Amino acid sequence: MSLVHKQEIKLRDGQWQKLEPLLTGKQSDPGANAKNNRLFIEAVLWLVLNKGSWRCLPEQFGSSSTVYMRFRRWTECDFWRQLAQSQADDKELAQTLGKIVEYGDLYTLRIEQRLLRKTQKTLYRSAIAAAKAVHPAGPTQIAVDESTLHWVGLVTA
């Protein structure tokens, strides 16, 4: 996948000045400081607009796993939605942040679907194990069943 054909979205200075005071990780904030909030938001915008995977994130944005984990934290606490709603006066910026919100919602939905499938597989496997424990099949019964299926297949063919 060539990076030449990829869209690059950069926040304009005016947009960044509106967002900067609202973001966490500033020098004045307690706790850990973010290295570069603007670069992080531009990395997420690159990913969302190019519909790329996290591991395809260009190196100029830093570690893809770091960007991914921070994106997930902000998505889980609904920070993106709050940020988009706070920019109602700037329609372009609100739409751009809205795209991140939509991506975050879809991403969360995919995670929930994966967890549901995993739970269903676990339940299915435990039900199969319980059924086998109640009616254990002997080796001769399997051989007869396989033999019968073989002959039935030959007769119906």
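Trainee: How many helices and strands does the protein have?

Mentor: Helices (H or I, at least four residues) and strands (E, at least two) are DSSP runs, numbered from the N terminus. The protein has 6 helices and 0 strands. This is a predicted model, in which local features need pLDDT of at least 70 and side-chain atom pairs count only at pLDDT 80 or more, while totals for chains, interfaces and linings use all residues. Residues are numbered from 1 along each chain as its sequence is written, and side-chain values use heavy atoms, with hydrogens and water left out.

Trainee: How many aromatic pairs does the structure hold?

Mentor: Rings of Phe, Tyr and Trp (its six-membered ring) pair if their centres lie within 6.5 Å; planes under 30 degrees apart are stacked, over 60 edge-to-face, the rest tilted. The structure holds 12 aromatic pairs. In one of them, the ring centres of Phe40 and Trp74 are 4.9 Å apart and the planes are at 75 degrees, so the pair is edge-to-face. Phe40 belongs to helix H2 (residues 37–50) and Trp74 to helix H3 (residues 64–76), so the pair ties together parts 34 residues apart in sequence.

Trainee: Is Phe40 buried or exposed?

Mentor: Buried means under 20% relative accessible area, exposed over 50%, partly exposed in between (1.4 Å probe, protein chains only). Phe40 is buried, at 5%, and Trp74 is buried too, at 6%.

Trainee: What sits over the ring of Phe40?

Mentor: A charge sits over a ring if NZ of Lys or CZ of Arg is within 6 Å of the ring centre and within 35 degrees of the ring normal. Here the charged end of Arg70 is 4.3 Å from the centre of the Phe40 ring.
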